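Colleague: Walk me through this one, please. I would like to learn how to read each feature as we go.

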Amino acid sequence: MTIEVAAHTPVPEQVEGRSLWIDAWRTLRKNRAAIVAAAILLSMTLLVLVGPFFSPYAYDFTDWGNTSIGPSLSTGHVFGTDTLGRDLFVRTLYGGRISLLVGLVATVVSLLIGVAYGATAGYLGGRIDNAMMRIVDILYAMPFMFFVILLMVIFGRNIVLIFVAIGAINWLDMARIVRGQTLSLKHKEFVEAAEALGVSTFALIRRHIVPNLLGVVAVYVTLTIPQVILVESFLSFLGLGVQEPMTSWGALVKEGAEEMESAPWMLLFPAVFLATTLFCFNFLGDGLRDALDPKDR
Amino acid sequence: MLRYSLRRLLGAIPTLLVLIALAFFMMRAAPGGPFDQERSLPADIEANLRAAYHLDEPLYMQFGRYLGGVIRGDFGPSFQYRDFTVTELIATGFPVSMRLGGSAILLALIIGVTAGSIAALRQNRLTDHAVMTVSMTGISIPNFVMAPILILVFAIYFRWLPAGGWGGGQLRNMVLPVIALALPQIAYISRLTRGSMIEVLRSNFIRTAKAQGLSTQTIVLKHALKPALLPVVSYLGPATAAVITGSVVIEQIFGVPGIGRFFVQGALNRDYTLVMGVVVFYGMLIIAFNFLVDLAYAWLDPKVKYS
């Protein structure tokens, strides 16, 4: 009897497993806006890294014969110069290096703190989770930007401090998201199965929890980078960020805003670079969210 | 409801304490004192100064003194503006900042909710894509970039509006700063409204309303708007924080005599008490506003149980 039943069950076809990432890539590829945004960001990064080597001017070189001249090919200043005769093309690219670097480093800092904190709270659960999340709630209510400014006032304007300060304050969202995700993962069958098989806690977190968090984290990272770049520009705009002669997009926009009547190009170029970058990160993040969020399928 | 409010109010106390403690101890950790000048003062004068500002007491007593002061609404003297207390400076700037920020939030709500609802009703059509692209641009252009552009276009090129100044809060002085401050919020609110409106419009009670032959206008205004606005209400807390932060730079650009300008001046001059006072004041304001938003949410959403 039993043998007959078994004979009737169809032999399962060999189905190729589709991982979350392959699925996500397929969805993302169809989203033209996100792909274009990614391409622009890649070219922007490349330009910012390599571009300065092709310019005859250094970022702090003052060309006294050509102060505040508009963009022109004949002088070699393709973006024009600022009031001190410094080449705006090179300065915009150098500013981009700083802005993108801040975006990357501060995001990594917030990523490390947030994932560690959130995963611990979510996995341990119970009273520890309650206490840890209460702390996050309290910190959440703090006027974040003001504390960064306070830090700048107290410890002087130091670029490493900017990285760490922004990252250290920006991890709260990440911790919340990761905790929520961990909580829901913890009760999934495959985690319970692994537990039942005697997998150690550490291996369980590494093999089963973290890989399943990556999707959400990837989306959130893409959306954190523009926020962080914005914070740095905001600080630099107020004169509390990067110090002269080094520069960032925020600092360049500030200089440009001061001279916009006589030298509008000083505002235009850094503003366009900054806005384009933020725009592309936001679009890419949106696209990733559509691609990686299984709820939306 | 009353018990819920009381519990939330009690819950805000540790948050306030952490806020004040963070600001206080961060300030005290600062290298260099407020009396470090190019010419060093004679020792006894400096000792007198320190005693006058209670800097010679142990740290916990200073903190207790500061805490007591904050409760009474006294943020101490300003180190830079010698004739003013921090409370007086905040009191001078606050009505101006309040007027600026309040108008911006109001404008953002009106335009954001309208644009978001329209986009939701025309989902995936041209209007929808247009609204969403414009709002993404609004989110991506920082207000300190938008503000100079607005000045360049409307004040310098067309000469329709003044490029700066406050003029006692005249309408023509307010237009540009309010718009610059409101734009990113308009963008966020319209995206939020669109998302939740689409969800609400798919729900059963809306289908029933449609089946009963109600007009789109009635359905949206009478039935869909209230539930669709819930996420917007809960966003008001972060929105206030964002507007307060944004007003710091907007006040700087437009020369508006609000708290933000004192704050930046204080930060650049290392006026510790002023900076600390503004941080604590704004922190308290945000905490209070979040409390109000929570209450409003609990009142609006029948699903929230406040027991």
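Colleague: How many helices and strands are there in the secondary structure of chain B?

Modeller: Start with the definition: helices (H or I, at least four residues) and strands (E, at least two) are DSSP runs, numbered from the N terminus. Chain B has eleven helices and zero strands. Chain A has twelve helices and zero strands. A word on the source: this is a predicted model, where local features need pLDDT of at least 70, side-chain atom pairs count only at pLDDT 80 or more, and totals for chains, interfaces and linings use all residues. Residues are numbered from 1 along each chain as its sequence is written, while chains are lettered from A and ligands numbered from 1 in the order in which they are written.

Colleague: Which elements of chain A have the lowest and the highest mean pLDDT?

Modeller: pLDDT is the predictor's confidence in each residue, from 0 to 100. Helix α1 (residues 2-8) of chain A has the lowest mean, 50. Helix α3 (residues 32-50) of chain A has the highest, 87. Chain A averages 79, and 88% of its residues score at least 70.

Colleague: What share of the residues of each chain counts as buried?

Modeller: Buried means that 20 or more other C-beta atoms lie within 10 Å of a residue's own, with C-beta atoms placed from the backbone. In chain B, 38% of the 307 residues pass. In chain A, 41% of the 297 residues do.

Colleague: How do α4 and α7 of chain B cross?

Modeller: Two packed helices are described by the angle between their axes and the distance between the axes. Axes are lines fitted to C-alpha atoms, for helices over the stretch in contact, and angles run from 0 to 180 degrees between N-to-C directions. Here α4 (residues 86-121) and α7 (residues 171-201) of chain B have axes that come within 5 Å and cross at roughly 35°.

Colleague: Is the crossing of α4(B) and α7(B) left-handed or right-handed?

Modeller: Right-handed. That label applies if the near helix is turned clockwise from the far one by less than a right angle.

Colleague: How many residues does each chain give to the contact between A and B?

Modeller: Two residues are in contact if their C-beta atoms, placed from the backbone, lie within 7 Å. Chain B gives 37 residues and chain A gives 31. On the side of chain B, α1(B) supplies the largest share, eight residues. By class, that side has 29 nonpolar residues, seven polar and one charged. Ala, Val, Leu, Ile, Met, Phe, Trp, Tyr, Cys and Pro count as nonpolar, Asp, Glu, Lys and Arg as charged, and the others, Gly among them, as polar.

How values were computed: A residue is buried if 20 or more other C-beta atoms lie within 10 Å of its own, exposed if 12 or fewer, and partly exposed in between; C-beta atoms are placed from the backbone.
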